[in-house]
Amino acid sequence: MTSGFFSRESTVAPPGFNRFQVPPAALAVHLCIGQVYAFSTFNLPLTKLIGITQSAPGDWNLKEVGWIFSIAILFLGSSAALFGRWVERVGPRLSMFVSALCFGGGFMVSAIGIHIHQLWLVYLGYGVLGGCGLGVGYISPVSTLIKWFPDRPGMATGMAIMGFGGGALVAAPLSVLLMKHFATPKSAGVMETFVTMGAMYFIFMMIGVFSVRVTPPDWKPEGWAPSSQPKGLITSANVAVDVAWKTPQFWLLWMVLCMNVTAGIGVLSQASPMIQEMFSGQITAITAASFVGLLSLFNMGGRFVWATASDYIGRRNTYMIFFVLGIALYASVPTLGHSGSRALFTAAFCIILSMYGGGFATIPAYLRDVFGTFQVGAIHGRLLTAWSVAGVLGPVLVNYIRQAQIDSGVPKAQAYSVTMYIMCGLLFIGFLSNLSMRAVNPKYHFKGDTRAASDGGGH
Amino acid sequence: MKGKIGIMWLVVGIPLLWGVYKTLQNALKLFQ
């Protein structure tokens with residue numbers, strides 16, 4: 001066990017502590033690691049490190065550079081799954097610190113890679129090290145927030161995970177500003193931008209490290225009494241992480257998340273060319289970038305709004321809305337495209353993306369309802385492998401089906417219709433999985449002392 | 001305690017609002 005400043009014991013909140021100090025601590029971490037969604041702002045500059053104004057012989061190509069993001073997302077999912085139990089054991093402070101070291105350090109190692117023009121160092125830095133920072137940072141405040149807000153877990157985790165969506169909104173203009181500031185006739189300013197961002201993110205994440213607090217033993221909000229009887233899917237028992245993933249409920253929720261994310265991420269990855277091709281001649285690349293920005297805004301807002309709503313309407317009902325409304329909206333996209341209504345088309349995708357974000361933000365509270373608070377962070381970490389799968393599946397589906405349609409002679413403006421109907425099919429699978437959710441069989445419940453198990457790491 | 005919480009929210013809120021503002025500024029081009 002760790003001792004001193006980083007130990008779980010030294011982060012126990014003193015009497016009179018206001019729990020609303022914890023969400024900004026979580027946001028400080030999520031706002032930084034959410035930068036990963038804006039990594040594409042570096043893609044083109046990274047292909048011109050030698051040529052500066054245009055790619056020169058020896059410069060990296062876009063395909064090679066594209067792997068940096070993919071590796072980071074792969075390591076996000078893997079590290080969240082692998083280190084979830086460790087995060088639960090050591091508490092949020094040490095895990096946030098490790099995340100800050102990995103994420104900030106990842107930028108620094110990548111900066112060296114850029115300076116000496118060695119792509120493998122960028123893969124190792126931002127991809128592997130940064131990816132681990134992403135995974136550990138993503139799950140580190142989740143169970144702490146759920147324990148501080150047992151009365152409103154959706155709202156609490158929604159706030160933090162909203163930060164992950166918001167991180168891209170901050171990082172995209174910030175990266176452009178910094179590269180512009182550091183650019184010289186001999187340099188695109190990418191290396192300097194990486195160093196600056198690495199340092200800035202490390203410092204900002206340390207705000208979270210210093211201010212996060214865990215609940216004292218047996219703490220509960222004033223005037224709130226936990227239900228002693230299970231209510232629908234909401235359990236009053238606990239399930240340990242190693243048992244949780246042997247239950248059908250874990251895999252049903254895995255499918256729920258995977259299907260919801262696959263549909264959203266497929267669109268998000270192709271949003272710019274899609275709107276340009278569906279409204280050929282009416283939408284320029286610059287306007288398409290505005291469309292992508294708007295989608296990011298709804299992705300962020302949906303995280304807070306839908307997760308908060310789930311506290312009132314229930315987790316299963318929230319996902320039912322995602323799937324039913326999602327199917328209706330995806331099915332209407334080809335018609336909206338043909339009708340030429342940009343406003344309706346944009347509105348449909350904004351709602352779709354709000355539900356994509358909402359799916360991410362509502363899942364921790366759903367897990368807490370089904371498996372209890374004991375090791376919910378670690379269970380969440382393992383469930384995030386669904387994100388890694390969806391991260392590959394979504395863009396591949398959209399890209400390959402579009403290309404197959406074009407190759408078979410379908411006009412570009414109509415090449416997305418089949419994809420949209422396939423997305424409806426994926427959402428229907430998610431709908432069925434969500435519909436099949438039942439309370440966990442009591443044989444899986446943890447019978448020991450959850451506090452002793454958490455403190456001693458005896459699991 | 002309340003002042004500390006206010007500062008914490010400002011620290012995370014200001015960059016977030018800046019990002020939202022920049023995004024909205026760009027998004028308006030879609031309807032121009």
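What follows is a short chat about a predicted model with chains A and B.

Colleague: What does the secondary structure of chain A come to?
Modeller: Chain A has 17 helices and 0 strands. Keep in mind that this is a predicted model.

Colleague: Switching to α11(A). How far apart are its end C-alpha atoms?
Modeller: They are 40 Å apart. Helix α11 of chain A covers residues 285–313, and its 29 residues should span 42 Å at 1.5 Å a residue, which agrees.

Colleague: Where is the kink in that helix centred?
Modeller: On G302(A), with a bend of about 30 degrees. Just after α11(A) comes G314(A), which has a positive phi of about 95 degrees.

Colleague: Now the contact between the chains. How many residues are in it?
Modeller: 19 from chain B and 24 from chain A. The chain B side divides into 13 nonpolar, 3 polar and 3 charged residues.

Colleague: How do α7(A) and α1(B) pack?
Modeller: Their axes are 8 Å apart, at an angle of about 70 degrees. Angles of 65 to 115 degrees count as roughly perpendicular, so α7(A) and α1(B) are roughly perpendicular to each other.

Colleague: Which residues of α7(A) meet α1(B)?
Modeller: G166(A), L169(A), V170(A) and P173(A). Their partners in α1(B) include P15(B), L16(B), W18(B) and K22(B). By class, this helix contact has 7 nonpolar, 3 polar and 1 charged residues.

Definitions and conventions
Residues are numbered from 1 along each chain as its sequence is written. Chains are lettered from A and ligands numbered from 1 in the order in which they are written. This is a predicted model: local features need pLDDT of at least 70, side-chain atom pairs count only at pLDDT 80 or more; totals for chains, interfaces and linings use all residues. Two residues are in contact if their C-beta atoms, placed from the backbone, lie within 7 Å. Ala, Val, Leu, Ile, Met, Phe, Trp, Tyr, Cys and Pro count as nonpolar, Asp, Glu, Lys and Arg as charged, and the others, Gly among them, as polar. Helices (H or I, at least four residues) and strands (E, at least two) are DSSP runs, numbered from the N terminus. The expected span of a helix is 1.5 Å times one less than its number of residues. The bend at a residue is the angle between axes fitted to the seven residues ending there and the seven starting there. Axes are lines fitted to C-alpha atoms, for helices over the stretch in contact, and angles run from 0 to 180 degrees between N-to-C directions. Angles under 35 degrees count as roughly parallel, over 145 as roughly antiparallel, 65 to 115 as roughly perpendicular and the rest as oblique.
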